[in-house]
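Reader: I would like to learn how to read a protein model. Please take me through it feature by feature.

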Amino acid sequence: MSTILIHLLLLLSMPPLLAGVINKTKAWFGGRVGPPLFQSYYDLAKLARKRMVLSTTTTWVFRIGPVVTLATVLMAGLLVPMGRFDAPIAFTGDLIFFAYLLGLARFFTTAAALDTGSSFEGMGAAREVTFACLSEPAVFFALLVLAKVSGSLTLTGMLHGPAGGFSAATAAPLILVAIGLFVVLLAENCRIPVDDPSTHLELTMIHEVMVLDHSGPLLGVILYAAALKLFIFGALLLHVVAPFQTGLSWADWSLFVGEMIALAVAIGVVESVMARLLMRRVTYLLTGAMLFCGFGFLLLVR
Amino acid sequence: MSRDGAQTAAFTNGRSIELDAIPTLTLEGFEDAVLDAVADGERVAAMFGAAGERAAEMLLYVVLASDHENRLGVARTVIDAERFPSLTPRCPQVHLFEREIAEQFGVRPEGHPWLKPVRYHRSWTGRDAWGRAAHEAILPGVTEFYRVEGDEVHEVAVGPVHAGVIEPGHFRFQCHGEQVFHLEIALGYQHRGVEQALIGGPGPRSIHYAETAAGDTTIAHATAYCQVVEALARCQKSARAQTLRGVALELERLANHVGDLGALANDVGFLPTASYCGRIRGEFLNMTALLCGNRFGRGMVRPGGVGFGVDDARVAELLKRLEDAAEDTAVAVNLLWDTPSVMARFEDIGRLPKQVAVDLGIVGPAARASGLSRDVRQDQPSGIFRFAHLPVSTYDAGDVFARAYVRWLEIQQSTDFIREQLSAIPSGEVRVAVGALSPDRLVVALNEGWRGEVCHVAITDFEGRFGSYKIVDPSFHNWSGLAYALRNQQISDFPVCNKSFNLSYCGHDL
């Protein structure tokens, strides 16, 4: 019971902190102080109090998009275990459910963007869907590798790894999967080198441009859902790159939180040391991620 | 070339010429003069209209710059006040000048392939080149745009209100997926009537109009204005004042070039250089403030010299700050060239071929990045630049990288120049009195601002007041270059291309 409560607590409260950690890291590299660590929380509180401006050309699709996105991402968050603890919901084949929940979120985000009829938002939606064609197979290959390694078909089971621990035979595919998943994490959460979350240039955006017309509480919902998504992908990736545990309950929870913050710092470092890719080269990067995960699978089935 | 010399009156930058000495050519002679000169490698620095002796006619002036012979040529012709044959089909670089003349005087350049308003204001004469009624509102950007038709071709409109805090301008992209087929730029939102306001001057406000023609080019515009006044008043300024003007001009270049490199880094999401250059730009602006109390150089350049002198302590402080800033700049900028992911975003993007740059009459770092050796400081030197030579920095690629790299080369040259000039600054008064202007003369003052050639042309009336005043900001030439550079590029690369030109909206709109 306490596991579920802590899971829920972390899932609901921690995601905006990651954005703060990333921004602090980037600021440090730029020689700046940067926004406060908890700025994302302040922003959400501010947006919740604001009035919404709804364009008269939009329909219910525009309003329901962010809500469905948040609901599906939250649901996905209940399927992914944190650290060595089990997820609140687990059933055989839930990895497919997980992947399509994220697909549904994407569908409604892009539908809401297209609903505005703005040329910018249409462009963003086209980009988002194009890149998803490459990142989704990468996720599937990664999940297949994990299922094969662990012999389990639930996310909780496969992410906790094989009962006998990891062996040399599974190390190579898992390293490939870790690289592939990290790239997918950056792409799915609109980080550099794929997207630039801090830019104001509409023509270069992918995710941000799809939500340009949303305002007030709806924008808050979108930002919160985006933070959740980063948190979920992070929790997923941590199982592959840092499957450590101490055996003590409180220590393992702290370990998970610490690892999560370290991951945010790593993302901040990546964003600080490189420029964005050319838009048409993003496909190469994502194809690369897909191949990494695919080869990981090939290594296991040979 | 001798044939050319016979057609136009030759003079040099910053010298005035009697109106009577300017040949009034026949229309054919005028066209030949322009076409021959351009074929010989000269540039159209300015082309403008002026009221004629009778209401049914007007005067058309052209100022040609021969960069290789370091001289200017001027000619004029009398045209019908209703229409004249357009030169644009045979000489593309006058296309915007002709549109401007059409808008200001309500005269129609017949055969102009793309005759649209430039700044969306009423004509000065009451006639209208587009036959719009007097009660019809004229609003910027409300006009026909070039359109590409076909399946999957879509149009993206950006501005005039932008997401960042920048000036207003409207951009229309004709796209096929992510690829840009055509970009059309509509400006005019910043039109304030600077040239009109200067007519009848010089008055107490004139220098301020010049300083604010384009806020980030304060020194270059103010210097050009002062050169105009000084040439007409036959005033001899001191060597000390000329040195200080040169130092201020190069400080302006340093601040803007460093800022541009930071902005380019920011547009490709490369944070370290973006953050550092933003700060270092402030250091250079503060050095200008050390000279005159204003970060953008307002009040620095005044007719007869400069508004503020310097003492030895201030020079020493300036040199010290210069060394520190130069060191930081080198670190921040070299980070760009050493980062492969940045270079991948700069190289081969937004290419402006050399011949296109020649045809469109591109100036400044954008021209030099396309391999043209065009620099007023070398070609038409005035003031301190007649005595101290700055090597011209060029690169041949014509892409975003070239425009960024030329800026870096110029940063180094300008730093050396300031160091050299401040170490041996001549003594003397910094400002002398300026007398009345001579009547019935024309003067052209060219200056290499950080963005390129700043051109001021003034014609005095019989009382020694400005009868006409023409300002050509480098942006006026270069906006077409940006539109061309975007052809067949990815639309997501527009911001970085735009920043690599970094043109002024208010300098164009005046």
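Author: Start with strand pairing: two strands pair if DSSP finds at least two bridges between them. Helices (H or I, at least four residues) and strands (E, at least two) are themselves DSSP runs, numbered from the N terminus. Here the model is predicted, with local features needing pLDDT of at least 70, side-chain atom pairs counted only at pLDDT 80 or more, and totals for chains, interfaces and linings using all residues. Residues are numbered from 1 along each chain as its sequence is written, while chains are lettered from A and ligands numbered from 1 in the order in which they are written.

Reader: Which residue of E15(B) does B:Val443 stand opposite?

Author: B:Val443 faces B:Ala458 in E15(B). B:Ala458 also stands opposite B:Tyr469 in E16(B).

Reader: How many bridges hold each of these pairs of strands?

Author: Eight bridges pair E14(B) with E15(B) in the antiparallel sense, and the two strands form a hairpin with two residues between them. Strand E15 (residues 452-460) of chain B also pairs with E16(B), antiparallel, over six bridges. E2(B) pairs with E14(B) in the antiparallel sense over three bridges, and there B:Ile17 has B:Leu442 as its bridge partner in E14(B).

Reader: In what order do the strands of the open sheet come?

Author: The order in chain B is E2-E14-E15-E16, four strands with antiparallel pairing. Strand E2 (16-18) and strand E16 (466-472) of chain B are the edges, each pairing on one side only. On average, neighbouring strands of this sheet are turned by 15 degrees against each other, direction ignored.

Reader: Is E14(B) mostly covered or mostly open?

Author: Burial is judged by counting neighbours: a residue is buried if 20 or more other C-beta atoms lie within 10 Å of its own, exposed if 12 or fewer, and partly exposed in between, with C-beta atoms placed from the backbone. E14(B) is mostly covered, as nine of its nine residues are buried. Both faces are covered: buried residues include B:Val443 and B:Ala445 on one side, and B:Val444 and B:Leu446 on the other.

Reader: Which helices lie on this sheet, and at what angles?

Author: Two definitions are needed. Two residues are in contact if their C-beta atoms, placed from the backbone, lie within 7 Å. Axes are lines fitted to C-alpha atoms, for helices over the stretch in contact, and angles run from 0 to 180 degrees between N-to-C directions. Helix H6 (residues 218-233) of chain B lies across E2, strand E14 (441-449) and E15 of chain B, at about 150 degrees to E14(B). Helix H15 (residues 474-485) of chain B touches E14, E15 and E16 of chain B, and its direction makes about 135 degrees with that of E15(B).

Reader: How do helices H7 and H16 of chain B pack?

Author: Helix H7 (residues 239-267) and helix H16 (residues 494-501) of chain B pack at about 175 degrees, with axes 9 Å apart. H7(B) is therefore roughly antiparallel to H16(B); angles under 35 degrees count as roughly parallel, over 145 as roughly antiparallel, 65 to 115 as roughly perpendicular and the rest as oblique. Among the residues making the contact are B:Ala263 and B:Leu264 of H7(B), and B:Val496 and B:Lys499 of H16(B).

Reader: Which domains does chain B have?

Author: Domain bounds come from an automatic or database domain assignment. For chain B the assignment gives domain 1 (2-110) and domain 2 (196-509). Their C-alpha centres lie 26 Å apart, and 23 residues of domain 1 of chain B are in contact with 27 residues of domain 2 of chain B. E4(B) supplies the largest share of the domain 1 side, six residues.

Reader: What does E6(B) pair with?

Author: E5(B) pairs with E6(B) in the antiparallel sense over ten bridges, and B:Leu59 stands opposite B:Val78 in E6(B). Strand E1 (residues 9-11) of chain B is joined to E6(B) by three bridges, antiparallel. Strand E3 (residues 24-25) of chain B pairs with E6(B) in the parallel sense over two bridges. Of the ten residues of E6(B), seven are buried.
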